[in-house]
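I opened the model today to look up a few residues and the overall layout. My entries follow in the order in which I made them.

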Amino acid sequence: MRRITIWMLFLVPFVAHANVVWPALYLETRLFSWWAISIGLLVEYLFVRALFQVTPQKAILATITANAASAILGILLIPLAGIAWEVFPGLLFYHVFKMGTFNPITWCVTFLVACAVNVALEGLVYKKAFKLNFLFKSRMFFWFMLANTASVGVATASLIINPVQP
């Protein structure tokens, strides 16, 4: 019996291929471009300085640390949030409006979800690691959503200007 099981493994393909994509996967690739990172760090640094009233050194350290954390965790969370949209309510939305995955509404949702995931992760770093008064139920969340629209917006715009070629 054991020999049969071992030989059956040779029937299983060794290389897996995925051909399912959704907007959040495309956006994720552009979020790691140098221009999106640079613009995001600069804009968020200015927001950290203004909203938390900290020294330039602390603002630089907090901004880089928060963005590093959101980049590391966002690699997984942004595409997962995108697939969550695709499953529900996306499927219902697509069925009702007879649209496919790559439509303007889904791109807008993907943009907002990417910003929200980044702000949530960065907010935790500001609050826990740097003891900054980041309140999730305040205007602070809104201001950092606005700050994150810079990097996510540049990444999204790059997809519009230069779409991914399959």
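**Entry: Thr156.** I asked which residues Thr156 touches, not counting residues up to four places away in sequence. I found Leu27 and Phe111. Thr156 lies in helix α6 and is buried, with a relative accessible area of 13%. I note here that I am working with a predicted model.

**Entry: Leu27.** Is Leu27 buried or exposed? Its relative accessibility is 1%, and the cut-off for buried is under 20%, so I put Leu27 down as buried. Apart from neighbours within four places in sequence, Leu27 is in contact with Thr110, Ala114, Val152, Ala155, Thr156 and Leu159. I also looked up the C-alpha atoms of Leu27 and Pro79: they are separated by 8.6 Å, while the two residues are 52 apart along the chain.

**Entry: overall layout.** I counted elements next. The protein has six helices and zero strands, and from the N terminus on the order reads α-α-α-α-α-α. Of the 166 residues in the protein, 36% are buried. I took the contacts with a separation of 6 or more and found that residues 24 or more positions apart account for 72% of them.

**Entry: nonpolar core.** Which residues touch the most other members of the largest nonpolar core? They are Phe52, Tyr126 and Phe144, in a core of 31 residues. Two or more residues come from each of α2 (23–31), α3 (34–52), α4, α5 (104–129) and α6. Helix α5 gives the most to this core, with eight residues.

I listed the contacts of Tyr126, leaving out residues up to four places away in sequence. Tyr126 touches Glu44, Val48, Phe52, Ala62, Thr63, Ala66, Asn67, Lys131, Leu132, Phe134 and Phe144. Two of these, Phe52 and Phe144, are named with Tyr126 as the core residues that touch the most other members.

**Entry: aromatic rings.** Tyr126 also belongs to one aromatic cluster, together with Phe47, Phe52, Phe134, Phe136, Phe141, Phe142, Trp143 and Phe144. How many aromatic pairs are there? The count comes to 16. I looked at one, Phe136 with Phe141: the ring centres are 6.4 Å apart and the planes are at 50 degrees, so I logged the pair as tilted. The angle falls between the cut-offs, since under 30 degrees would be stacked and over 60 edge-to-face. Phe136 is partly exposed, with a relative accessible area of 33%. Phe141 is also partly exposed, at 23% relative accessibility.

**Entry: Asn148.** Back in helix α6 (residues 139–161), I checked Asn148. Its relative accessibility is 0%, and Asn148 therefore counts as buried. What does Asn148 touch, not counting residues up to four places away in sequence? I wrote down Glu44, Cys115, Asn118, Val119, Glu122 and Gly153. Glu44 is also among the residues that Tyr126 touches.

**Entry: backbone.** I went through the backbone angles. The peptide bond from Phe88 to Pro89 is cis, with omega near 15 degrees. Pro89 is placed in helix α4.

I also found positive phi at two residues that are not glycine. Lys98 has phi near 50 degrees; Lys131 has phi of about 55 degrees. Where are they? Lys98 is in the loop between α4 and α5, and Lys131 is in the loop between α5 and α6. Lys98 is exposed, with a relative accessible area of 69%. Lys131 is exposed as well, at 67% relative accessibility, and Lys131 is one of the residues in contact with Tyr126.

**Entry: surface patch.** Which residues make the nonpolar patch of about 720 Å²? They are Val87, Phe88, Leu91, Leu92, Val96, Phe97 and Met99. Val96 is in helix α4 (residues 56–97). Phe88 of this patch is the residue from which the cis peptide bond runs to Pro89.

Conventions:
Residues numbered from 1 in each chain as written. Predicted model: local features only at pLDDT ≥ 70, side-chain atom pairs only at ≥ 80, totals over all residues. Heavy atoms only, no water. Patch = residues over 30% accessible without salt bridge, like charges linked within 9 Å, V, L, I, M, F, W, Y side chains within 5 Å. Areas by Shrake-Rupley, 256 points an atom, 1.4 Å probe, with all protein chains shown as cover. Salt bridge = Lys/Arg side-chain N within 4 Å of Asp/Glu carboxyl O. Helix = DSSP H or I, 4+ residues; strand = E, 2+ residues; numbered from the N terminus. Phe/Tyr/Trp six-rings, centres within 6.5 Å; stacked < 30°, edge-to-face > 60°. Buried < 20%, exposed > 50% of the residue type's maximum accessible area, 1.4 Å probe, protein only. Contact = heavy atoms within 4.5 Å. Core = buried A, V, L, I, M, F, W, Y, C linked by side-chain atoms within 4.5 Å.
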